[in-house]
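This briefing gathers points to keep in mind while looking through the structure shown below.

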Amino acid sequence: MDTVQLLKNIKILYVEDDEQAREELQDVLKRRAGKVMIAENGKQGLELYRDFLPDIILADLYMPEMDGIEMIRRIRDLKTGKPSVIIISAVNDVDTVLSAVDAGIDKYLLKPVNLSDLLQALTELAQELHTRRQAAGVALTENKRQLEGEIKKQFAAFIKSTTGKGPRDIDVFIHNGSIEILASEVLTIFEKNLLDNYQNIAIIKHIRELFYSVKEADICQLIQSVLGQQVRLKEVLINAEKDRNKLIFTMDQDV
């Protein structure tokens, strides 16, 4: 895959508090990357990371509200993915660089940023990501049935532990960059009592949708622990009358 296409396949989170520097570099990034999210400090960057799960994070070191190192530490603690990290800073003392490395960065570039060096760093990290995705895809194909079975077991245990009622049956399908989980007979006693009055179907549907929304990060992490790659919940389909829940996830290379 050529350099242009490599960068077009990645999502970048750019975090910089200096307005002039931010505006200059964001234009360069947006012309080359597939998607670029912009934040003005570490706190905003952390929020955007949770929402968009970027592939590469490009961040200043010292910023108001939350600095770059603290933001990276918190992102690593989330365990929702393995983004590559480039720190851009005017500070080059040894202690600062070592603190950044300890937080889990991949590259450290000094300001003022040399555009060629930055694009080279982004391309190298994008190539590493592409290689990992290809390897993950091969492994997924070879072990599809085993992985589906493990997701089924883990998801059933999770639903039982969080709602008190395990599904009677679960089907898991991995195909075309997506994962479908179909769970049958999942309603709790409380929900079944509500279902006695068919006017409450909308309420049950809302309760289930809210449950999966609140537990989305936990469920995605469960699946990621099995597959070894990032996933995101794309759609939730609730059929209260037939007591079926269908969840559709997209895998890393498709989000």
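Two residues are taken to be in contact when heavy atoms of one lie within 4.5 Å of heavy atoms of the other. By that criterion, and not counting residues up to four places away in sequence, Asn245 touches Ile181, Leu182, Ala183, Val186, Arg208, Tyr212, Leu237 and Ile238. The model is a predicted one, and the values below are computed from it.

**The chain as a whole**

- The protein chain contains 10 helices and nine strands, and its C-alpha atoms fill a box of roughly 65 × 40 × 30 Å when taken along the principal axes.
- Of the 255 residues in the protein chain, 45% count as buried.

**Helix packing**

- Two packed helices are described by the angle between their axes together with the distance between those axes.
- Helix H7, spanning residues 144-163, and helix H10, spanning residues 216-227, have axes that come within 10 Å and cross at roughly 150°. Because angles over 145 degrees count as roughly antiparallel, H7 and H10 are therefore described as roughly antiparallel to each other.
- The crossing of H7 and H10 is right-handed. On the H7 side, the residues that meet H10 are Leu147, Glu150, Ile151, Gln154, Phe155 and Phe158, and their counterparts in H10 are Asp218, Ile219, Leu222, Ile223, Val226 and Leu227. Sorted by class, this contact of H7 with H10 comprises nine nonpolar, one polar and two charged residues.
- Helix H3 (residues 42-52) and helix H4 (residues 68-78) have axes that come within 9 Å and cross at roughly 25°. That angle makes H3 roughly parallel to H4, since angles under 35 degrees count as roughly parallel.
- H3 passes H4 in a right-handed crossing. Gly42, Gly45, Leu46, Tyr49 and Arg50 in H3 meet Met71, Arg74, Ile75 and Leu78 in H4, and by class this contact has five nonpolar, two polar and two charged residues.

**Buried residues and their surroundings**

- Asn245 is placed in strand S9 and is buried, with a relative accessible area of 2%. Its side chain makes a polar contact of 3.3 Å with the side chain of Arg208, and a polar contact of 2.7 Å joins the side chains of Asn245 and Tyr212.
- Glu191 lies in helix H8, residues 189-195, and at 3% relative accessibility Glu191 counts as buried. A polar atom of the Glu191 side chain lies 2.9 Å from the backbone nitrogen of Thr188.
- Leaving aside neighbours within four places in sequence, Glu191 is in contact with Val186, Ile204, Ile207 and Arg208; Val186 and Arg208 are also among the residues touched by Asn245.
- Val85 belongs to strand S4, residues 84-89, and is buried with a relative accessible area of 1%. Not counting residues up to four places away in sequence, Val85 touches Ile57, Ile72, Arg76, Gly104, Ile105, Asp106 and Lys107.
- From Val85 to Leu222 the separation is 137 residues in sequence and 24 Å in space, taken C-alpha to C-alpha; Leu222 is one of the H10 residues that meet H7.

**Backbone features in loops**

- The peptide bond from Lys111 to Pro112 is cis, with omega near -5°, and Pro112 lies in the loop between strand S5 (107-110) and helix H6 (115-142).
- Glu65 has a positive phi of about 70° although it is not a glycine. Glu65 lies in the loop between strand S3 (56-60) and H4, and at 63% relative accessibility Glu65 counts as exposed.
- Asp243, likewise a residue other than glycine, has a positive phi near 55°. Asp243 is found in the loop between strand S8 (231-239) and strand S9 (244-251), and at 10% relative accessibility Asp243 counts as buried, whereas Glu65 counts as exposed.

Notes
Residues numbered from 1 in each chain as written. Predicted model: local features only at pLDDT ≥ 70, side-chain atom pairs only at ≥ 80, totals over all residues. Heavy atoms only, no water. Axes fitted to C-alpha atoms, helices over the stretch in contact; angles between N-to-C directions. Helix = DSSP H or I, 4+ residues; strand = E, 2+ residues; numbered from the N terminus. Parallel < 35°, antiparallel > 145°, perpendicular 65-115°, else oblique. Left-handed = near helix turned anticlockwise from the far one by under 90°. Nonpolar A, V, L, I, M, F, W, Y, C, P; charged D, E, K, R; others polar. Buried < 20%, exposed > 50% of the residue type's maximum accessible area, 1.4 Å probe, protein only. Polar contact = N/O pair within 3.5 Å; in protein donor to acceptor, adjacent residues only side chain to side chain.
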